[in-house]
Amino acid sequence: MMNMNNMTNSSEYGSDDSVMKMMDGHMMPANDSIAMQMMQMTFYAGVDVTVLIKQWNVKTAAELFGTIVLWFLVAMLYEGLKRFRRHIFRRNQVSTRVGFNKLQSPESDAPGPASPDTRIVEVSGGWVKHHVIQSFLQLLQTTISFILMLVFMTYNVWLALAIVLGDFAGYLLFSADLDRPPGDDCCS
């Protein structure tokens with residue numbers, strides 16, 4: 001068994017095909033092409049960061065600042081999207097109730113047994129449109145949340161802070177007047 005405590009950063013071990021070296025307490029491939037594909041796994045506050053794709057490689061403080069502002073705004077607008085979905089959901093609930101109230105029997109003012117066929121067509125036509133819109137917005141919300149997660153996983157402190165603070169600012173801005181009843185988990 002190999003004694004890992006005695007290995008240094010420059011030590012290489014193994015055969016010619018699988019040469020390994022110790023870097024920061026971890027066994028890493030000595031082959032630079034493989035080592036270059038390794039990802040940062042601890043938070044760091046450096047300027048040099050690759051965001052999402054290899055072509056988006058930030059090298060200067062100005063580029064990093066622009067990237068931070070972008071992801072702050074995306075995180076903030078993500079909260080706005082959640083609020084917009086909630087707004088559409090509630091608006092549709094009200095219009096469905098109003099639609100049912102309009103379907104009254106002609107003899108009385110109270111809601112009565114309107115034709116079942118009419119009621120189903122009225123509600124299902126609006127429901128399908130609402131459901132398609134909500135489904136598209138759910139797709140958009142999920143996609144944005146995964147992208148934000150991937151940016152956070154660059155482990156760059158400044159990008160992580162931009163996302164957290166953007167989410168905070170978005171919630172503060174877009175959800176200030178929320179009066180959500182308990183158990184209302186729509187769009188969260």
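**Entry 1: a cut-off first.** I count a residue as buried under 20% relative accessible area, as exposed over 50%, and as partly exposed in between.

**Entry 2: confidence.** I looked up pLDDT before anything else. The mean for the protein chain is 74. I find that 56% of its residues reach 70 or more. Which element has the lowest mean pLDDT, and which the highest? Strand β1, residues 12-13, has the lowest, at 50. Helix α4 has the highest, at 95.

I then listed stretches where pLDDT stays under 50. Residues 6-10 are one such stretch, and the model has 10 contacts for them beyond four places in sequence. Residues 100-106 are another, with 13 contacts beyond four places in sequence. Where pLDDT is low, the predicted coordinates should not be read in detail. I leave those contacts alone.

**Entry 3: fold.** I counted 4 helices and 5 strands in the protein chain. Along the sequence, the pattern reads β-β-β-α-β-β-α-α-α. The chain has 188 residues, and 26% of them count as buried. Residues 24 or more positions apart account for 57% of them. The chain exposes about 13,000 Å². Carbon and sulfur atoms supply 64% of that area.

**Entry 4: the core.** Which residues make up the largest nonpolar core? I get 11 residues: Val49, Val51, Val58, Leu64, Trp71, Ala75, Tyr78, Leu148, Val151, Leu159 and Ile163. At least two residues of this core come from each of α2 (61-102), α3 (116-152) and α4 (157-174). Helix α2 gives the most, with 4 residues.

**Entry 5: salt bridges.** I found 2 in the structure. Side chains of opposite charge can pair when their charged atoms come close.

Aspartate 48 has a relative accessible area of 44%, so I log aspartate 48 as partly exposed.

Glutamate 79 and lysine 82 form a bridge through their side chains, at 3.1 Å from N to O. Both residues lie in helix α2, 3 residues apart, about one turn of the helix. Are glutamate 79 and lysine 82 buried or exposed? Both are buried.

**Entry 6: serine 175.** I looked for serine 175 and found it in the segment after α4. Its relative accessible area is 8%, so serine 175 is buried. Not counting residues up to four places away in sequence, serine 175 touches Arg83, Arg86 and Gly170.

**Entry 7: surface patch.** I find a nonpolar patch on the surface formed by Leu52, Ile53, Phe146, Met149, Leu150 and Met153. Together they have about 550 Å² of accessible area. Phenylalanine 146 has its place in helix α3. At 49% relative accessibility, phenylalanine 146 counts as partly exposed.

**Entry 8: backbone check.** Leucine 52 has a phi of about 65°. I place leucine 52 in the loop between β4 and β5. Its relative accessible area is 42%, so leucine 52 is partly exposed. Leucine 52 also belongs to the patch of the previous entry.

Tyrosine 155 has a positive phi too, near 65°. I place tyrosine 155 in the loop between α3 and α4. Is tyrosine 155 buried or exposed? With a relative accessible area of 18%, tyrosine 155 is buried.

Terms used. Residues numbered from 1 in each chain as written. Predicted model: local features only at pLDDT ≥ 70, side-chain atom pairs only at ≥ 80, totals over all residues. Heavy atoms only, no water. Core = buried A, V, L, I, M, F, W, Y, C linked by side-chain atoms within 4.5 Å. Buried < 20%, exposed > 50% of the residue type's maximum accessible area, 1.4 Å probe, protein only. Contact = heavy atoms within 4.5 Å. Areas by Shrake-Rupley, 256 points an atom, 1.4 Å probe, with all protein chains shown as cover. Salt bridge = Lys/Arg side-chain N within 4 Å of Asp/Glu carboxyl O. pLDDT = per-residue confidence, 0-100. Patch = residues over 30% accessible without salt bridge, like charges linked within 9 Å, V, L, I, M, F, W, Y side chains within 5 Å.
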